[in-house]
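Look at the structure below and keep it in view while reading. The text goes through a pocket, a core and a set of salt bridges in turn.

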Amino acid sequence: MPLNQTYLGITNNFSPQYMLLNIAFIILGIIFIISCILEINKRINSNKILYYPLMIITGVGFIFLGIFSAGQTSINNHQLAIFMSLLCGNIFLILMGKTINTNKIHRNTSLILGIIGTISFIILTYSLINKDMIIYMGLFERISIYTLIIWNIITGTYLLKQ
């Protein structure tokens with residue numbers, strides 16, 4: 001398998017469980033929107049005007065990632081889904097770090113994860129433009145996704161303990 005290929009969610013021989021990943025993205029998007037509307041919304045101190053668009057764009061972006069996987073659709077739909085979920089999602093985490101009414105550890109974790117994810121997304125975008133760096137594309141794509149998944153797990157655990 002060449003190093004410059006990621007094969008996540010692509011319908012080919014390299015990813016026999018592609019459907020599981022795509023379904024997971026759709027479920028993640030739905031849960032993200034529902035949990036933000038039902039619970040996180042209550043804990044936002046300010047910047048609600050930014051909160052709702054970022055939350056909706058991020059959730060819908062994850063749903064689109066599951067629908068428009070890289071191997072099944074035009075690259076433009078997949079890139080739009082990546083932009084919606086990863087860039088907006090990590091900016092959402094930065095916003096959460098600044099405005100959510102939780103303990104300091106959770107706020108700082110949200111902020112740090114958002115910054116790491118945003119920087120990873122910028123490097124991912126640069127690697128797409130600069131073909132010499134395309135070998136690292138999968139790494140930075142995963143980092144910017146994992147920051148959002150980690151935040152969801154940490155936030156869910158925090159809310160359950162409350």
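A pocket is an open set of grid points with protein on both sides within 12 Å along at least five of seven lines, and its lining residues have an atom within 4 Å of a point. The model shown is predicted.

Start with the second largest pocket, which holds about 170 Å³ of space. Its lining includes A24, I27, L28, I31 and F32, and also W151, N152 and T155. Helix 1 (18-38) and helix 5 (137-161) each supply at least two of the lining residues. Helix 1 gives the most, with six residues.

Next comes the largest nonpolar core, which has 30 residues; Y51, F92 and M96 touch the most other members. Helices 1, 2 (48-67), 3 (75-99), 4 (104-129) and 5 each supply at least two residues of this core, and helix 3 gives the most, with nine. Leaving aside residues up to four places away in sequence, F92 touches F32, C36, Y51, L54, M55, T58 and W151. Two of these, F32 and W151, also belong to the lining of the second largest pocket.

The last topic is charge pairing. The structure holds two salt bridges. One joins the side chains of K42 and E39, at 3.6 Å from N to O. In the other, R43 pairs with E39, and the closest N and O atoms are 3.3 Å apart. K42 counts as exposed because its relative accessibility is 61% and exposed means over 50%. R43, at 18%, counts as buried, since the cut-off is under 20%. E39 is partly exposed, at 25%.

Notes: Residues numbered from 1 in each chain as written. Predicted model: local features only at pLDDT ≥ 70, side-chain atom pairs only at ≥ 80, totals over all residues. Heavy atoms only, no water. 1 Å grid on protein atoms, 1.4 Å probe; cavity = no way out; pocket = protein on both sides within 12 Å on 5 of 7 lines; lining within 4 Å. Points joined across faces, edges and corners; volume = space filled by probe spheres on them. Helix = DSSP H or I, 4+ residues; strand = E, 2+ residues; numbered from the N terminus. Core = buried A, V, L, I, M, F, W, Y, C linked by side-chain atoms within 4.5 Å. Buried < 20%, exposed > 50% of the residue type's maximum accessible area, 1.4 Å probe, protein only. Contact = heavy atoms within 4.5 Å. Salt bridge = Lys/Arg side-chain N within 4 Å of Asp/Glu carboxyl O.
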